[in-house]
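Dear colleague,

Please look through the notes alongside the coordinates.

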Amino acid sequence: MKRSRIGLGVIALAAASALVLSGCSSSGDDTKGGDAAGIITVNGSEPEKGLIPSDINEVGGGRILDAMFSGLYYYDAKGNPVLDAAESVETTDSTVYTIKLKPGQKFTNGDPVDSDSFVNAWKDAAKFSNGRLNSSWFENIVGFDGEKDSDLTGLKVIDETTFEVTLKSAQSDFPLQLGYSSFYPLPKSAFDADGNVTDDFGQNPIGNGPYKVADDGWTHKVKIEMLKNEDYKGGREVQNAGLSIIFYDSLDAAYADLLGGNLDVLDMIPDAAYAKYKEDLGDRWINQPAAVFQSFTIPERLEHFSGEEGQLRREAISLSINRPQITDKIFSDTRTPAVDWSSPVINGYDEKLPGNDVVKYDPERAKELWAQADAISPWSGKFQIGYNADGGHQAWADAVSNDIKNTLGIDASGAPNPLFGDFRQSITDRSITTAFRSGWQGDYPGLSNFLLPLYKTGASANDGDYSNPEVDALLEEGLAAPGIDAANEKFHAAEAILFKDLPAIPLWYQNAVSGYSESVDNVTIGWNSVPLYYEITKK
Amino acid sequence: MLRYILFRILQVIPVLLGTTFLIYFMVFSMPGDPILALFGDKTPSQAVLEEISRQYNLDKPFIVQYFLYLGGIFTGDLGITFSGQQVTDVLARTFPVTIQLALMAIVIELVLAVTIGLISGLRKGKLFDNVSLIIGLVMMSVPIFVIAFIAQYFLSIKWGFFRTTVGPGAPIQDLILPAIVLGVSLYATSMRLTRASVIDTLNQDFVRTAYAKGLSRNRIIPVHVLRNSLIPTITNTATNFGVLMVGATVTEAIFNVPGVGNTLFKAIRLGENSTVVSFVTVMVLIYLFVNLFIDLLYAVLDPRIRYA
């Protein structure tokens, strides 16, 4: 009797677990796509928002959108814009742009790629009550209103393949932006009766680009499967059968998969592997500067950092940082010391800007300048660099503070904030009482994108409240200039002033450090550190 | 017995209300604006920020958000994540994977703990006992991520016995390695409990009586000794199951398991109130029912334990 009861318990336990185990696994095994002929497996992460182009501003969703949509332009490996869905983009005054589309293009569901598919998508993106994360991209188009719903009257459909964009003010680099995902077109099926893009579209997106999402291809949190879109006629000719973008929560797992042969291309190497990735990968690694500029900002409102005193102190602090040593020791050369305010992959990058001596390591001069500042008003208190502790910034923040401490003999340290949201809020509401980490990842490969949002008076990411009328004027002139080169000349003049004022202390550019497996070839990293998937071939 | 079970199930209601309220409150009080964080290093205009907050009910006072959430529960609507998925879908996708992983780990843990613990207890002070105690001590003190990385490096990258990470659909063979890591990291405590309790039971009068009656060792050890020694082990295992539901986060991240730990961690970082609360609620439910199940199992193992 007793014995049978034990037996019963054991059997019940076993049966219960068997049920759960088998129940779970039955749903699983249907996908064997990973090694299917010609499918490339690459790393990614689950998009943070639904896949609506104007609502995605992070790389996880961005790389999917770039693969499945064809905008007016795409960017080649060097960041040059190349016409994609557009046949021409023309203007005479940098204010009114006439855009002609290539005829006969289709979305993968058969809807035509016409003027309406662009105009309607942009109207949805700019509409205030839709709250798209990238709505501000449309603020220079006539009719945009950032506080209430309004009609983008600056968009005019001329015929099926021609439309006209009227800007509020001249903007010479507007075409350069048009390759950014916010400006992608959307098919008719994406819109509801009121002309708004539906949430359902965000879960089942349809594009017109080199790849299309396979049927049931998006397994949330796990991967998204994409196949070559045979109908795509643009310049990004796909050299493989498709992509399997695997979502990873930790970079370490992705790296292990790369070494274990389950992943073909990994576009980032985890910090922990910096020391040995070259050894692990043989010659299958890439390390090149990318469009990420990193710095820290010392707001003027901090004590001792305003006026002439502040200028001297900023310069002294910048001179006391040994950037090459930190990028070598802490980042194993996966960062490149900064010499301008953009990045080497940006159209307009210049390493010979006047005044960029200030980013060289010069402790003697730093001490002198600091002493001069002390003569104006003696230093008191301590110097801290704020950062978010959830983003792997501690090592460099400590190293930079150490350099400052050792050179200037002041109390300097890093100041961690636990969460990114918390960190951003204290910066946005100006309650942060220390210097803080700042950085910029280019949205499009234009110099203005690295300057205007950050250093123009009142600009959206000007978190240090920097304001210099001279810089403002030069940036305006650059925008109104007749072409990109003329614009860059003005921007360079503005950069030279920035080196004097140091609204932020430039640190380094983040490199794209990537690795690939033995089964793929032709891996090139684009200007935005994402591999050019369409070029990759399977052996 | 039936009344006891009913009573235990009814207990769940106030516990759930209390926990959801507390969790909601804690997530709500987390510093920083989650919508602001979605914009990265960029800062949107105040109007846009308020508009998006409104869409996710984040502009409302805590108590209103909480009751909106509670109201949603009764209609089966747990809200949506920032990425536009139903929280119910996310729950349905992630929990089976983690429960499967946890059960596999528990089975491995129990097998290891009971066999090693029993043998150790029977051979107290002998070589096997000493060696197993030392190994157990090592396993207890080495952090789980170390075990995970070592196992991943050698067993899959180097020797290729397993897939490095869990593949699409989390097939059972991919979960074996993470389950072994979890099981191994947990077994030591249960093993020591089993061992201690076997030694204790061996000295009990009823065991001596059994020997005196002339019963064979093969009958005494499993029926009289082991059965009476399992209660502390079972209790510990129940707690472990709860720990595994959440505590597997590190292991889930290393093996890229699309499970609860990973999802919850990300939701907390993003400040997705509804996801966090729903996950915690389901975890509380599982915890309560596992405990109930274990309490019932006691009665099977030890007839003296009866509930009126």
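**Between domains 1 and 3 of chain A**

Between domain 1 of chain A and domain 3 of chain A there are zero salt bridges, a salt bridge being a side-chain nitrogen of Lys or Arg within 4 Å of a carboxyl oxygen of Asp or Glu. By class, the side of domain 1 of chain A that touches domain 3 of chain A has six nonpolar, two polar and no charged residues, where Ala, Val, Leu, Ile, Met, Phe, Trp, Tyr, Cys and Pro count as nonpolar, Asp, Glu, Lys and Arg as charged, and the others, Gly among them, as polar.

The model is predicted, with pLDDT of at least 70 needed for local features and 80 or more for side-chain atom pairs, while totals for chains, interfaces and linings use all residues. Residues are numbered from 1 along each chain as its sequence is written, chains are lettered from A and ligands numbered from 1 in the order in which they are written, and side-chain values use heavy atoms, leaving out hydrogens and water.

Eight residues of domain 1 of chain A are in contact with 15 residues of domain 3 of chain A (contact means heavy atoms within 4.5 Å). These two domains of chain A bury about 770 Å² between them, 60% of it on carbon and sulfur atoms, buried area being the accessible area (1.4 Å probe) that two parts lose on being put together, summed over both. A:Tyr274, A:Trp527 and A:Ser529 supply 75% of the area that domain 1 of chain A buries against domain 3 of chain A, more than any other three residues.

**Between chains A and B**

The contact between the chains takes 60 residues from chain A and 55 residues from chain B, and the area buried between chain A and chain B is about 5200 Å², of which carbon and sulfur atoms give 59%. Three salt bridges are counted between chain A and chain B; B:Asp41 forms a salt bridge with A:Arg437, with the closest N and O atoms 3.6 Å apart.

With regards
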